[in-house]
Amino acid sequence: PEAFDATLQRLRLEIAGFGLRSASTLPDLDSACGQYHTFRDFIECGETQAKIGLPNLPKQAETYNALADLAQHVIDPVMDYFGGIELTYGFCSLELAKHIPGRIDPKREQHASHELNTRGNLICERKGAACDFIVPDENMLEVAQWIVQNTPFDRLYFYGNDKPLHVSYSGEHSRVIVLMLPGKSGRLVPKVVPPEKFLASPEN
């Protein structure tokens, strides 16, 4: 029974009558989020959060469920294949977003997951959850291509061979790949490419 309960908790499921449903309670931050991480790992990994010490806590049970799905379907497989990763940016609350002006797009990037704004509406209508990470001593293009070939990701943003990778997971499995390329002004310009092109020749 203990192992069964632990599995349900890890998968963010609960028993309802004779069936299972997504968990409706808020977990302890140090409980498992996937096989290799805790929820705290995804919540306290950003440099801004670490610098200002903001709690950055999700308020919605659906956000924790989405983080667990991201870990199970994308991050765990990456860990199994490549080994250790370094999470550089994970969940971003409405409060934390106020301290990162101009660098993020909360309405689109899924770091806000299922959190609500002050009007009670979803901050990001795409739902799901996202994180940025890097695999030390690995070419991140190879990591990104492996994710495209082997996981049901939602969106993937590629910034460069030695830069952290942004990846999200949701029920849509949109498989949208975006190259972040330097423009004439020096700012990064997004370019959407199909999976087959990204796997063959992403620089073009």
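**Exercise 1.** Which residues form a nonpolar patch on the surface, and about how much accessible area do they have together?

*Solution.* The structure is a predicted model. The patch consists of F4, I15 and L20. Together these residues have about 320 Å² of accessible area.

**Exercise 2.** Locate L20 among the strands and decide whether L20 is buried or exposed.

*Solution.* Strand β2, residues 19-22, contains L20. The relative accessibility of L20 is 53%. Exposed means over 50%, so L20 counts as exposed.

**Exercise 3.** State how many aromatic pairs there are, and classify the pair of Y81 and W146.

*Solution.* The count comes to five aromatic pairs. For Y81 and W146, the ring centres are 4.9 Å apart and the planes lie at 25 degrees. Planes under 30 degrees apart count as stacked, so this pair is stacked. The pair links distant parts of the chain, since Y81 belongs to helix α4 (residues 61-82) and W146 to helix α6 (residues 140-150), 65 residues apart. Y81 is exposed because its relative accessible area is 55%, whereas W146, at 13%, counts as buried.

**Exercise 4.** Classify the pair of F82 and W146, and determine whether F82 is buried or exposed.

*Solution.* The centres of F82 and W146 are 5.8 Å apart, with 85 degrees between the planes, and the pair is edge-to-face. This pair also links distant parts of the chain: F82 lies in helix α4 and W146 in helix α6, 64 residues apart. With a relative accessible area of 18%, F82 falls under the 20% limit and is therefore buried. Y81, F82 and W146 form one aromatic cluster.

Notes:
Residues numbered from 1 in each chain as written. Predicted model: local features only at pLDDT ≥ 70, side-chain atom pairs only at ≥ 80, totals over all residues. Heavy atoms only, no water. Patch = residues over 30% accessible without salt bridge, like charges linked within 9 Å, V, L, I, M, F, W, Y side chains within 5 Å. Areas by Shrake-Rupley, 256 points an atom, 1.4 Å probe, with all protein chains shown as cover. Salt bridge = Lys/Arg side-chain N within 4 Å of Asp/Glu carboxyl O. Helix = DSSP H or I, 4+ residues; strand = E, 2+ residues; numbered from the N terminus. Buried < 20%, exposed > 50% of the residue type's maximum accessible area, 1.4 Å probe, protein only. Phe/Tyr/Trp six-rings, centres within 6.5 Å; stacked < 30°, edge-to-face > 60°.
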